[in-house]
Amino acid sequence: MTKPAGMLTWKDLEIGSVVTEPGNASQYQTGGWRSERPIFDSSKCIKCGICYIFCPEGCIGQDAEGYFQADLFYCKGCGICARECWAKAITIVPEEE
Amino acid sequence: MEKYAVFVPKLVTERENFAPGHRACIGCGEALAVRLACKALGQNVIIANATGCMEIISSPLPYTSWRVPWIHTLFENTAAVASGIESGLKILMKKGRIAQQEIKVIAMAGDGGTSDIGLQALSGALERGHNFLYICFDNEAYMNTGIQRSSATPYGASTTTSPAGKVSIGQVTWKKDMPAIAAAHDIPYVATACPSYPFDLMAKVAKGAATPGPAYIHILSVCPTGWRCAPGLTVRIGRLAVETGIFPLYEVDNGTYRLNFDFLKLRPVTDYMKLQGRFRHLSPDIVGKIQTTVIEKYHRLKAKAITTSEVVKWAG
Amino acid sequence: MAKRVGIEVSLAVAEAAKLANVDVVSAYPITPQTHIVEHLAELVANGELDAQYIPVESEHSAMSACLGASAAGARTFTATAGQGLELMHEVLYVASSMRLPVIMAVANRALSAPLSVWGDHSDVMAVRDTGWIQLFVENGQEAVDNVLCAFRIGEDPRVLLPVMIHLDGFHLSHMIEPVVFPEQSQVDKFIPPYQYPMPLHPDRPVTMGAFAPPIIYSETKKAQQVNLEAAKEVILQCWDEFGKTFHRYYSPVECYRSEDAKVLLLTMGSFSETAATAIDKLRTEGKSVGLVKLRLWRPFPFEEIRQAVKNASVLIVLDRALSFGGPGGPVCSEVRSALYGEDRKPKVIGFVGGLGGRDITPAGFEEIVNRGIEISQKGSDKEFEIYGVRE
């Protein structure tokens, strides 16, 4: 786990403050930003993958059966997937529900 | 693109070289564009990035969203830094200090870092003929600092430094034609792309990266925050930009213009503009002026195009 | 057998970069350093130097391309002057804070307006705080020697900082001077290959230039400061090693007839050679004077300065730049500040002279020393004096 900025001393920094762990931003939970979330209905999902293509976070993937699902750790609830789904298999609901 | 190398989502590599956990706004069209571009670019690249939205949201110390080598220095020098990396790699391989291999240098910058403050460096790098791909992610304003106008801001759009007001319609100049400026340098490959047409975008990025010498790709990046539109409509609005003829998708392949998508009839510009708050203040007169100009420019472009790839229906 | 040749100093600097086997030269011409970049272009065009020459479209891009090349692991060199140094100003900070060892020769030139292509130190003083290692040279031999040392110092894994070698524009850059060039084999031994620890390469993806929110920025700057201070040790070792190999010794502060001097004159750059002549003349007149030559500008040699001046009662500092509305001579203000806490310290008198390429002859230096002595005795209502201005 990368130590957060507030816990780093000047000696902890790499030369030139270079970050040497590629993609360590994936430790950050952007899912906390949501006010709405997508619900994926696998009974309607045609497994085309267009939701996966259009997600700006890149957090939509396939489950064991091949149906597409958003990773709620990252999902910001923008709703692009619901808008673009050809099979209308995705609905957006308020986060509180 | 007559044929796509990849035409279904499941053939696209699953690897995310632009890792989730980045701090882009919800529904960010630019993040989507970068993500798709990275899919097409693969591992053997070095990216030089300008200061801007993508740099800030992807690299807050000590985190990074990048899984490929990446360097950010300043706002206006991306093409110059890319030139340096390209030359460095060339000589190091020539002198045998690093192994011979295909490593493509990619420059990424926003519209500000390209058509305004970064124009000089870009022009210099294109003229010198460095082997690199320059991608401009155009969200039509200086979005990272809070929506100030750039020379890529469209006529009539309201930004904080070209606000709509009692005596102003917003931006009073027309969008600078950056792809034309790039093409004027006689480089082997210039293209426009939009993430709403993801396979077209990925094919073009791959083609640009595979072109020996300088290549330039201009990608329209819908910005819900700055354009004042609903975040879920990002892909739809990008599509409308193309279908109205406002942002035609074309390539200039060694000087030959190719229009990638044509339409039997262009959509009215209002279909595109009514979804965005930055155009809300415009009078029908101004909208009419915009409509006429868009049609005129579209036909001028079409006249230059030798072949048209596809005539498609509106997806909407 | 090393030969002694007469050569224009600019060309000598380019030859030194060639001896160092630079990988990438990214440069923009500007008077008075143009001959450096022209000669490098010639060397590359003739195949004498195997390097990538990037004829960039501005100094800002010159330094930016150097950053890129250095980050990829290439040995980089460039040259600039005056306005060019100002144009690349923001990039200089990036080079040092990203720890990229770009080596740059600066042919010091006055700043506009009015336009002046002639030599003074105003361009240098504007880049004091950029975090680069900065050295001054007085003559052609020193220029060649210190360009070579700069590569070794800057690229040292304990340092990894960019280095500027300052030579006075025209007064030095365009002079034909006798220079002994080391043999290629000697240079190859003296300068180890450049190995940036984490270069940009797909085999090991790194992110360079992440942004720092307030919670961490101070830590990055402390790390930078510690590193620049620690570089001094490496600089001393390098000069020591250079002396042992080539029998020419350099140190941060060099003194001339100063051990027993009551009055000292402090200069930087090519002034020093002329000033030495004046010191000799004043000595024959029985005056107790000496010369202190400041060679290492950054990191500032606090200890060496204090040591050099501790027995004097008057220290006259001659600046070649003017800090308007401020302390006058920047070097003078830094020296004063370095001495402030000392129990025993000389009176520090500041002069500014030689601006915009104005020459100061040995007689001129004598006048400055004498005037400085006068001020130390009678006082002055001014913070500093500009020498040689027609009233």
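A residue counts as buried if 20 or more other C-beta atoms, placed from the backbone, lie within 10 Å of its own, as exposed if 12 or fewer do, and as partly exposed in between.

## The model

This is a predicted model, in which local features need pLDDT of at least 70, side-chain atom pairs count only at pLDDT 80 or more, and totals for chains, interfaces and linings use all residues. Residues are numbered from 1 along each chain as its sequence is written, while chains are lettered from A and ligands numbered from 1 in the order in which they are written.

## A helix in chain C

Helices (H or I, at least four residues) and strands (E, at least two) are DSSP runs, numbered from the N terminus. Helix α3 of chain C covers residues 59–71. Its 13 residues reach 18 Å from the first C-alpha to the last, close to the expected 18 Å (1.5 Å times one less than the number of residues).

In α3(C), 13 of the 13 residues are buried, so this helix is largely enclosed by the rest of the structure. After α3(C) comes Gly73(C), with a positive phi near 105°.

## Two domains of chain C

An automatic or database domain assignment divides chain C into domain 1 (4–246) and domain 2 (253–386). Their C-alpha centres are 28 Å apart.

Contact means that the C-beta atoms of two residues, placed from the backbone, lie within 7 Å. On this basis, 28 residues of domain 1 of chain C touch 19 residues of domain 2 of chain C. On the domain 1 side, α9(C) gives the most, with 5 residues.

## Chains A and C

Between the chains, 13 residues of chain A are in contact with 19 residues of chain C.
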